Amino acid sequence: MSNPGIIATNITKKFLSACKTLETGEIVKDGYFTLFEAVGALEIGDPKMDSGCLAPGETLEETYDVNRQLSAPEVLGIIDQLLCLEMAWHLGYPLAQTILTSVYIEALVEPAPATLQEADFVRNRKTPRDPMTTVLRAYCLGLVRTCADVLETIRDELYYEEEDFVTNTYRRNLMDHIDRYEIRDEILSAKHTLHELRAEIGTDITQALSFRLELRSAFLRALELIEDRGSPDSLQIPWCQMHSVWEAILKLPGLAKEVPEAFSTKLQRKLASSMPPRPIVTLSFDEAAKHFKKLCSDAIDAIKILDYHDSQSLLNFVFHYQAQKPQPLVYIRCLLQNLLFKDMVLLDRLSIRQVMDDDLSIAVMPAHELLDPNNDLVEAPHSARFAIAHQMELFRKRAAQVYIDIFRVLCQNRCRVRRMLCHLIQDWEQVQLDAEDIDQLLQIQIDEKPLAYQSQTTLTTGSEPGYSLPLSSWAYLYKLRLMEWIVQLGFELEVYAPDELAGMYWYLSHLAKTRAQHVERIQAFTNHRFSELRSSSSSTSSTSPSPSSSSNPPPPSSYTKPPIPATPWIPPTQPYHPPRGWPVSISSSLSDPSSTSGAGTTGTTTYHYSTTPEAAFTRSLTYLRSTILDAAITWEFADTVSVIYTILSRLSLVTPPPRPYGTDEQRYEVRMKPFKAVSLPEVPSYQTWKGHALGIGTGGVNAGGKAGKREGEEGEGKEGKEGGEERQGEEKGEKEGEEKTSHLLKFAQQAVGQAKKAFEVLEGLGEREAFAAGGGGGGFSSSIPSSAPPTATSGSTATAVGGAGSGNTRQEEPGKGGHKRWMENVSRYRRSVEKAERILKEGIKKAVEMDAEGRTTEEIKQVVKVKVPRSEEVWEQGGHWWWIVPDVEVVEST
Amino acid sequence: MSEDPNTTFLPEDRDDATDWLNSLLNKNLRVSVTDGRMFWGQFKCVDAESNIILHSAYEYRFPTSSQAYESATSSSSAGKVKVDLTSRHLGLVVIPGQYITKIELEEFASQVRARNRGFGQGFHPGWRDGGIS
C-alpha cells in the first residue's frame, strides 16, 4: 500500500459534506456500474454478511493456545473431530466449515510453511515438542496433504462446484509442495514416539492413536499410487488397508475426549472469502466412519475398472457403478474419470481408437475390413484401403468426443447425468448424420451389395434392399440407448408425476421397441456377412443362416429359440483376453504410430480383440442377441407398468392433482423437449401418446397379440375412431368400458409374463455374455454378451440358464468383482417384475372385478389401497427404481 | 498526507459537490470504519447518507494484539504499517455511512503534483483501469 508513487489524501470531511449536499435518493455513480450489481455487494457491518464484523468487545484473535499440553484422549478427540470434518468436506461442505475451523490446522498452514520442519503449530519453537503434540502434528500434516491431493484429483475432472463439491481453499496452502514421503516419515516417527509412551498412556489409547496415524499414512500412499499409476492390484492395497484400519478403529470406541474449543468459526474471518461465518458442520463419528468405509470400498471397486475386457463391459461397469445408491462420493467419481481418461489414455493403456474400434466391432462390424488396422499402412492414394483408412479416421475424429462423453457424463451426479444426456443425444444425432455420409462413401469403396432382410418381429414386415450403414447404425444404437436412459432417469429422479407414468412408460416401451428393431437390422447384416464368411472359408458349417432366418424372438416362446442360426461354437483356443499385464495386442500388428495418431489415439499398437473372425462374429452376435433381450424386457415390462397405471387411472385410483395452469398437452411438450431435437425416432404426436396412455390403442387389441400391439402407425390411425368408441362406451354405460379394462388387465398380465420369461434368460447370462466382465457389474439395461458361449443357441431356456455358467471359464473367477453388481441389479429388477406380477394377480384384478360389478370408486378404494411409491421407497423395498410399480394392497374389510 | 487540503462543501455548493464526487469515481479509496478495519477498493457509488460502494475491495485489519501499532496508525498514515496488515479480498462491498470514520483518496504522486500546479483536474485518468473515461 505504501508506494512512493502513491499518495493518500485524507478527504473525510470533504467527502462527507459533499454527500450531505445530495438529496435523499440521489446518488453519484459510475456510469458502467448498475445498481443491479450493487445488490450483490457485501454489506460491511452487517453480522449476517460481513464475516469480518466483530461484536462489541469481541476479539478476532483466537484465545486457544495451540501450545498447551494435550492429554492422549484429547489428541484422540481432536483427531476424531478432524475425521468427521474431513468427511463432511468430502460430502460437499466447504473447507471453511470443516477442517479449516480447526485451530491446529490453521496454525499449521498459516502462514504457509516453506519446509516441513517449519510446519508446526508454533513457529520457531524454542523447546522441543511434547510427544502428544508430535502425534497431532504428524496427523494434521497428513490430513492437509491428503486434502490437497483429493482436491487436485477433483479439479482435474468434470464436477460441479457447489452441486457436488466446493474446491475453494480460501487461499490457504495445503502443503502440496511438501513431499508425501517426508510426511509419511513424520507419521512413522510419530508412531514410534507414541509406542514409547505406551506404558504411560495405556495400550488401548496407544492403539487407537496408532490406527489413526496408520489410516493417514495409507491414505497418502493410496493417493500417491494413483498419481504414479502403479499396477492396478497395488493401487487397491492401501485402500484395503484403510478399510481394515477402520474396522479396527471402530473396535476401540469411547476413548476420546472432545476438545470443542480447538475448533472455531472465528477462523473463517481470516479466510479469503466474503462468506459470512457459518456453523461448523457436525457429523457424528459413526456416520463419518460409515462414509469413510464406503469411500474405501468404492475406491477399491473403482480401481477394478482398469481390468478392461471389452468396450461394452467397460460401459456397463461405469453405468452400474454410478447407479449405486447412494452414489459414490464426488472424489470417487472423479477418481473413476481419472482412471478412465487420464491424459487421454483410456485405463492407462488403451487409446480411444482401440476402445472405439472394439466397440464398433462388438456392435456393428465384427471382423470388418473397415476396421482392419493394416489399412493404415497403405500409402497408395488410389487404393481403396487408403481411402477407407482416411474415411475411418475422419469418422473416429468425429465420434471420439461424443463416445468419450458418455463415460464422462455417467460419472456425474444423477441429476446432471440426465441433463447432460439430453444434450448428448443431440451430438449423437449429428454424428449419426455425418456417419451416414461416411457410410455411403465407404460402401462404394468396399463394394457392398445391398441386402433385403426380413424382420419377423416388428413393425417392418420386410424391407427394400438396403446397405448396412454400419457407422450410422452404431451411432443410432447409442442414441436410442441414451434416450431410454433419459426416460429411465426421469423415473429415478421423479421427474414425472404419478398420472404421467402411464404415458412415459409407454414411451419407454416405444423406444425399446425401436431399439430392438434397429438391432435386428444390424443382426441381419451381421448374420449375412457371417454366412458369407463361413461359406467362403469352409463348407462344414451346419446351417447357413439366411437373412430371413435371423430370427429374433420377442414373441415369448421364441426367447428360447436360437436367435442365431446354429452358430458352431468356436472354442477360445487362445485366451480371449490376455491376462492382466500382457500387452493388449493379441493379433496385434504394429502400426505406424503416426497413422493412428488421429482422434486422440496414443497407442502404438493396434489390435484385434478377436483372435479369429469367427470369434469376433460370435461375440458380436452374442451382444446383439442380448441387446435385443434387454430391449425386449424393457418394452414388455414398460408396457406392463404403463398399463397398470392406465387401469388405475381409469378406475380413478390414481388421479391427477388439480393443475389450473397447464394442460396435459403442454406438459407433454415439455417432457418430450429433449427428444424434439432428434429426427429419428420421431417424437410421437400428443394424440398418439395420449391414446396409449389412456390405453385405447392397447386395450382394443386382442390381448397379448404381439403383432397387434406393435403396429405403431396403424394404432395411430385407429386412435380417433377408438377414442370415439371410448366416449361412446362411457355414455352407454359401465359395461363396455369395463370390458376394455379387463382386456387391459389381461394384456398386462401377458406382458409381465413375457418380461419374466425373457428375464429368466437374462439372469442366466454369465459375466461375459452380460458384458459385465472385468472389474465389476454389468447390468441389466445393457446386458450384452460377448464372445461367450452360445447360451441360447439351442435348446430350452433352462439349459441356456444352466449352461451359461459352466460354459464360461472366467465367469466365477474370484477377485474380479465378478458381475456381482450386475447380478444385484438384475435381482432388483426381478423383484420389480415380481411385484408387478403380484399386484396384477391380486390388487388390480380385484379392483377391475369390482369395477365390473359396478361398484363406485369409493367402494373400490375401501378394499384396494393404492399408493405410488417414491423412487427411494422403491429402492428400499428392494426394487429397481427405474420401475415405479405402485403398491396395490387388497384390504379385506367388507 | 493526513491533512485534508480542501474545505467542506456547503449545501449551496451542490453542483460543485456532485462534480467533485463524480471526479472520484473509479479511484481507489481507503475507507476506515468504526471497528478499526480499513477497506481499499475502487469507488463506484455513493448516496446522500455516504453509503459507499467499493469494487474489488480488500479488507485490512490492524493487528489487535499490539496496541503500539494502533497508536502508530492513528497518528500517521496507514501505509507505514503495511507489512503487518492482514488483508482479505472481499469483492464488491457496501460500507454504510454510519460506520465510516475516515476516507482517504489514493492518487499517483504525479497526479497530485499536476493538480497542485495547475488547477482542477477536470478529468480523472483512473490509474487502475485505463479503460474507464
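Helix 13 of chain A is mostly covered, with twelve of its twelve residues buried. The model is predicted. In chain A as a whole, 51% of the 894 residues count as buried.

**Helix 13 of chain A**
- Helix 13 covers residues 352-363 of chain A, which is twelve residues.
- From its first C-alpha to its last, helix 13 reaches 16 Å, close to the 16 Å expected at 1.5 Å a residue.
- The buried residues of helix 13 include Ile352(A), Val355(A), Met356(A), Leu360(A) and Ile362(A).
- Arg353(A), Asp357(A), Asp358(A) and Asp359(A) are also among the buried residues of this helix.

**Make-up of chain A**
- Chain A contains 29 helices and seven strands.
- Taking contacts in chain A between residues at least 6 apart in sequence, 78% join residues at least 24 apart.

**The two domains of chain A**
- The domain assignment divides chain A into domain 1, made of 72-270 and 283-306, and domain 2, which runs over 321-876.
- Where these domains touch, 25 residues of domain 1 and 23 residues of domain 2 take part in the contact.
- On the domain 1 side, helix 5 (131-156) and helix 10 (285-303) of chain A are the elements that give two or more residues.
- Helix 10 of chain A provides the largest share of that side, six residues.
- The residues on the domain 1 side divide into 15 nonpolar, two polar and eight charged.

**Contact between chains A and B**
- In the contact between the chains, 44 residues of chain A meet 59 residues of chain B.
- The elements of chain A that each supply at least two residues to this side are strand 1 (6-10), helix 1 (12-21), strand 2 (27-29), helix 2 (35-38) and strand 3 (42-43).
- Helix 1 of chain A gives the largest share of the side that touches chain B, nine residues.
- By class, the chain A side has 21 nonpolar, 13 polar and ten charged residues.

**Strand pairing across the chains**
- Strand 1 of chain A pairs with strand 5 (residues 100-108) of chain B in the antiparallel sense, over five bridges.
- Within this pairing, Thr9(A) has Leu105(B), in strand 5 of chain B, as its bridge partner.
- Strand 1 of chain A is also one of the elements that supply at least two residues to the side touching chain B.

Terms used
Residues numbered from 1 in each chain as written. Chains lettered and ligands numbered in written order. Predicted model: local features only at pLDDT ≥ 70, side-chain atom pairs only at ≥ 80, totals over all residues. Helix = DSSP H or I, 4+ residues; strand = E, 2+ residues; numbered from the N terminus. Expected span 1.5 Å × (residues − 1). Buried ≥ 20, exposed ≤ 12 C-beta atoms within 10 Å, placed from the backbone. Domains from an automatic or database assignment. Contact = placed C-beta atoms within 7 Å. Nonpolar A, V, L, I, M, F, W, Y, C, P; charged D, E, K, R; others polar. Pairing = 2+ DSSP bridges.
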